[in-house]
Amino acid sequence: RGRLAVSVYNFREILKNVSWLQVASITTNASSAVLGVLVARYLGSHEFGLYSTAVVVATLFALFLDFGFAELMVREGSRLESEIQSFLGSAMLVFAALFAVCFGGMTLYAWLAGTPQEVVRLILIYGVGAFFLRGWPIWQGIFRIRQRLDIHGKLDIAAAFVRAILLTLFLYFRLGLLELVSIHTSISIIFFGLNAIIALRFYRPTLSVHATLTRVWDALPFGISNALYFGYTQVGIFILSLMVLPRHVGSYAAVYRLVILCNEFPIIVFSKTLLPLMFRSYKENPQELRKVYSTSAKYMFGLGLLISFFLFFYAKTIVHTLYGQSYEEAVPALKLLAFCVAFRYLSTGVDVTLTAIDRMQAKVVLQAIVV
């Protein structure tokens, strides 16, 4: 009694994890941005619009694969290690079941919506990769619990390196859209397997259908929250794909991608690095959690404002330099989207803290209103 709670924040370890993830993020996003720009320029706004339409449809159906068991595993495993194997088994069972259901639903949608045959093929091929990509968080959750995010970072760097090589070959040989989506799908499958092989060295899953079903209610808010977040980032492109010409979709998707890339840093700091520690400190030392949140919020919002003003004032130069004159109508779009960055830098800390203090229902309601 009267003894201070022991801090769960080893800041040297946090710095190491953030550093690895930031290096991975810079490597991934830099290569993705450069090659993404080159691919967009090569395809032109029309074909890039077709590609973006296929990507957004596949991504929206892939959202339903995340039923929240990966995040639930991180929460419960961070607090009690003996629970990890059972929750890992539940996450794997749900992912496998939803993979089959969602892929069937995506195929049915593409057929009923009267989507052009060319785009249907793109959706189905890219969809396989998007679905496997949604399985990565299961294995990365193990790395988060173990505070071995260096493994997470190294695998992301390797994936970025392989993607860069294949996309460079795609541009060199001037291939088509089918080859482009096949490249992304192949990388997702290969690195899903590599993540799984390494993660399973730490824990072997315990498979139990009964235990999985009893945890559905606890996992559901995490799944809904993740789906709403990714739905928020994709709903604009999806609606545009139903309303306007592919070149307009391509122009919007090109600059919105820049905003998404800018938002990676707070996700690394809060969701991937601090969240498992925040889960633990909420039970052991709530005052420390409050201090970490309030301090980080100030710095994040300031950094986000700087980035927003840069994107706003240099929007025309950025668009013309990266994408060329054919994307002129993307300039006013980027000026408006620029200010998403500052508020996203602030809100990421808010929603991660709501998760850590077991206020998932409130968070889901707020996200649903926004979407």
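Notes on a helical chain

Student: Does Q147 count as buried or exposed?
Tutor: Q147 counts as buried, because its relative accessibility is 5%, under the 20% cut-off. Please keep in mind that this is a predicted model.

Student: Where does Q147 lie?
Tutor: Q147 is found in the loop that runs between α5 (136–145) and α6 (149–172).

Student: And what is its backbone doing; what is the phi of Q147?
Tutor: Q147 is not a glycine, yet its phi is positive, at about 55°.

Student: What about R174, then: which loop is R174 in, and what is its phi?
Tutor: R174 belongs to the loop between α6 and α7 (177–199). Its phi is likewise positive, at about 55°, and R174 is not a glycine either.

Student: Buried or exposed, in the case of R174?
Tutor: R174 counts as exposed, because its relative accessibility is 59% and the cut-off for exposed is over 50%. Q147, by contrast, counts as buried at 5%.

Student: Which residue just after α13 has a positive phi?
Tutor: That is G324, with a phi of about 95°. Helix α13 itself covers residues 315–323, and its buried residues are A315, I318, V319, H320 and Y323.

Student: Changing topic: how many helices and strands does the protein chain have?
Tutor: The protein chain has 16 helices and zero strands.

Student: What is the radius of gyration of the chain, and what would a compact globule have?
Tutor: The protein chain has 21 Å, which agrees with the value near 21 Å for a compact globule of 371 residues. Along the principal axes, its C-alpha atoms fill a box of roughly 70 × 45 × 40 Å.

Student: What share of the residues counts as buried?
Tutor: Of the 371 residues, 50% count as buried. As for contacts between residues at least 6 apart in sequence, 86% of them join residues at least 24 apart.

Student: What does A54 touch?
Tutor: Leaving aside residues up to four places away in sequence, A54 touches V119, L122 and I123. The C-alpha atoms of A54 and I125 are separated by 9.3 Å, although the two residues are 71 apart along the chain.

Student: Now helix packing: how do α2 and α9 cross?
Tutor: The axes of α2 (residues 69–79) and α9 (residues 216–243) come within 7 Å and cross at roughly 115°. The crossing of α2 and α9 is right-handed.

Student: Which residues make that contact?
Tutor: From α2 they are F69, E71, L72 and R75, and from α9 they are V216, D218, A219, F222 and N226.

Student: How does the contact divide by class?
Tutor: The contact of α2 with α9 has five nonpolar, three charged and one polar residue.

Student: Last topic: how many disulfides are there?
Tutor: A search of the whole structure finds zero disulfides.

Student: Which cysteine sulfur is nearest to that of C262?
Tutor: It is the sulfur of C340, 11 Å away. C262 is in no disulfide, because a pair of sulfur atoms has to lie within 2.5 Å to count as one.

Student: And C102, buried or exposed?
Tutor: C102 is buried, with a relative accessible area of 9%.

Notes:
Residues are numbered from 1 along each chain as its sequence is written. This is a predicted model: local features need pLDDT of at least 70, side-chain atom pairs count only at pLDDT 80 or more; totals for chains, interfaces and linings use all residues. Side-chain values use heavy atoms; hydrogens and water are left out. Axes are lines fitted to C-alpha atoms, for helices over the stretch in contact, and angles run from 0 to 180 degrees between N-to-C directions. Helices (H or I, at least four residues) and strands (E, at least two) are DSSP runs, numbered from the N terminus. A crossing is left-handed if the near helix is turned anticlockwise from the far one by less than a right angle, and right-handed if clockwise. Contact means heavy atoms within 4.5 Å. Ala, Val, Leu, Ile, Met, Phe, Trp, Tyr, Cys and Pro count as nonpolar, Asp, Glu, Lys and Arg as charged, and the others, Gly among them, as polar. Buried means under 20% relative accessible area, exposed over 50%, partly exposed in between (1.4 Å probe, protein chains only). The radius of gyration is taken over C-alpha atoms; the globule rule is 2.2 Å times the number of residues to the power 0.38.
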